[in-house]
Amino acid sequence: MVEITIEALTKEYTNKLAVDHIDMRIKKGDFVAFLGPNGAGKSTTVGMLTGLITPSSGSIRFGKLKPGTVAYHNKLGVVFQNSVLDNQLTVQQNLKVRAQMYERTSQDVLQQVITELGLNNFLKQKYGTLSGGQRRRVDIARALLHQPEILILDEPSTGLDIQTRNVIWDTLKKLQKTMQLTIFLTTHYLEETENADYVYVIDKGRIIAADSLDRLKQTYAQYHLTLTPKDLQKLRVQLNKLGIAPSENKGKLQLIVSDSAQCLTILQRYRNLITDFECRQSDMNDIFVHLTGKEMR
Amino acid sequence: MIAFSKRNLTLFFNSKSNLFFSVMGALIAFVLYLVFLKNNLITSFPFKLSHDLLDAWVISGILVVTAVTTSLHALSQMITDREQGRLADFTVTSVPFWQLQASYLLCSFLISVSMQLFMGLIMYSYFAVTDDITIPWELTPKIILLSCLSSFVWTTFNLLILSFVKQVKTLSQLGSIIGTASGFFAGVYMPIGVLPKTAQFITKLTPAPYNAALYRQFLLKDLLKEQLSGLSHVQRQLFEKQMGIHLSLNGFLSSSQMILLLGAFFLGFTLVAAVAMKHSRRANLGHV
């Protein structure tokens with residue numbers, strides 16, 4: 001079941017086409033990752049999805065609802081890139097104020113969210129005194145106060161340490177299941193897309209890839225083979241004869257092959273020239289570079 | 001909207017620095033009066049001026065400064081929220097955008113009224129101790145009404161000014177300029193009659209002298225009757241004009257005319273601010 005339909009969405013600024021006729025279909029309960037290098041149009045798209053930026057043309061539909069309306073806001077939870085709660089107020093005060101600003105909320109939901117996100121230990125602490133990880137947990141709790149159906153997260157784990165990121169991602173996965181949430185996130189950390197049901201890659205305002213992670217991997221699958229040679233020159237000459245031009249790094253030869261069969265062929269044919277090897281399949285990082293020609297980080 | 005307004009009021013009143021800096025202009029004027037302005041005034045008139053008359057006179061002007069600076073400070077929360085992305089966060093709630101904006105104005109109004117009353121009480125209490133003056137409790141309803149009118153006018157004035165401000169760092173500089181200017185325009189640092197004609201004309205283009213004159217008329221009414229009874233009508237008129245108690249604009253303005261004038265300023269500021277804000281406000285939220 002399609003929950004959000006985005007058609008020919010475009011945002012044009014005076015001198016720049018930030019988002020150029022993008023189409024997306026987000027299914028209910030899906031975890032959708034939205035990837036793109038800096039300046040690709042991610043934040044503008046998120047701005048339009050949240051109703052904070054008016055599109056130049058195109059449409060966003062969530063059932064019969066349109067962005068910018070109160071009914072749409074009631075179904076939408078947003079975790080902004082920066083922490084946006086009041087530093088001078090306590091966690092509890094912040095959550096209470098935000099909760100009271102929604103039509104559909106209750107004390108029970110507030111308590112449930114506080115427990116789910118593990119905020120009980122610092123409820124009375126001022127938001128401004130919390131650590132980065134604690135703040136993000138409060139931010140996520142704030143976005144869930146009104147039991148939204150869609151949760152939009154704009155690079156939520158930027159600047160956090162790996163442990164905190166893992167805690168946040170475990171929590172999100174749990175919430176996706178327990179609250180039947182549709183999650184739409186932009187992220188700089190490509191490994192985080194490994195959790196996604198569907199991935200959109202945007203570059204220069206256009207969607208350049210849209211598929212499930214498995215199918216993206218199949219489509220762009222390549223194997224990275226690293227060989228430790230007995231005789232580097234000899235192995236290089238042999239590989240060149242096959243039409244392969246390996247790169248050299250610290251006495252090892254690195255080559256990219258299209259499938260595992262080719263990997264095995266090379267290993268068998270030159271086993272006498274090799275002391276060790278390493279073979280890994282492309283990850284999202286490689287796919288991203290392949291698609292955009294740019295490193296994410 | 002109630003929750004959002006409560007939040008705005010809590011942020012203002014919970015912060016000691018907010019409270020202090022919002023009335024700093026008024027405090028500076030108060031200290032200057034105590035240090036030398038009072039003596040200057042006493043020596044500059046050929047007849048004896050009592051402490052209670054001058055004290056009530058300076059309180060009137062300082063209340064106007066308070067109305068200006070506190071409403072500016074309170075309304076600045078709108079700019080801070082916008083720049084720091086909080087307004088975007090509030091916009092995605094069930095509260096319509098116009099209610100958020102209305103709440104900023106309402107809070108600015110409430111803060112300005114309460115701070116005027118607070119400052120009035122503090123200053124009267126101080127002079128009651130040092131100069132043995134009587135606090136005119138009977139004027140409380142009038143003072144409350146006038147503080148409401150002042151807050152209406154200055155809240156919309158500051159809304160207009162802030163519609164041109166995009167960055168938080170501009171706010172403190174703007175606060176200093178407006179705080180100082182309001183002291184001059186309300187005729188606190190020096191009576192309006194001392195100013196050159198051109199300066200008087202410029203001053204009268206703002207609501208400050210009318211606002212201060214209204215306060216003075218309310219607070220000094222009985223004191224003037226008691227203490228200037230020995231003066232001729234012309235002498236008294238000259239004194240009142242010199243001290244900004246009465247203002248002339250093609251003849252002396254009555255209290256009701258000044259109230260109407262302030263009402264006109266209120267409408268004018270509201271209209272211009274609405275036009276200035278129409279295009280920029282919501283459009284910029286997504287860039288935060």
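This is a predicted model: local features need pLDDT of at least 70, side-chain atom pairs count only at pLDDT 80 or more; totals for chains, interfaces and linings use all residues.
**Ground rules.** I counted residues from 1 along each chain as its sequence is written, with chains lettered from A and ligands numbered from 1 in the order written.

**Confidence.** I began with pLDDT, the predictor's confidence in each residue, from 0 to 100. Chain A has a mean of 87, and 97% of its residues reach 70 or more. I then went through its helices (DSSP runs of H or I, at least four residues, numbered from the N terminus). In chain A, helix H3 (residues 91-100) has the highest confidence, at 94. Helix H10 (residues 284-292) of chain A has the lowest, at a mean of 76.

**Domains.** I looked up the division of chain A, with bounds from an automatic or database domain assignment. Domain 1 covers 2-217 and domain 2 covers 222-281. Their centres, taken over C-alpha atoms, are 43 Å apart.

**Interface.** I turned to the contact next (heavy atoms within 4.5 Å). Chain A puts in 24 residues and chain B 21 residues. I noted a buried area of about 2100 Å² between the two chains, with 59% of it from carbon and sulfur atoms. Buried area here is the accessible area (1.4 Å probe) that two parts lose on being put together, summed over both. On the chain B side, B:Asp89, B:Val92 and B:Ser94 lose the most area to chain A, together 29% of what that side buries.

**Polar links.** I found twelve residue pairs in polar contact between the chains, both residues at pLDDT 80 or more. A polar contact is a pair of N or O atoms within 3.5 Å; within protein, one must be able to donate a hydrogen and the other to accept it, and residues adjacent in sequence count only if both atoms are side-chain atoms. Helix H1 (2-14) and helix H5 (86-91) of chain B each supply at least two residues of the side that touches chain A.

**Salt bridges.** I used a side-chain nitrogen of Lys or Arg within 4 Å of a carboxyl oxygen of Asp or Glu. I checked B:Asp89 with A:Arg98, at 3.2 Å, N to O. The pair runs from helix H5 of chain B to helix H3 of chain A.

Notes: Side-chain values use heavy atoms; hydrogens and water are left out.
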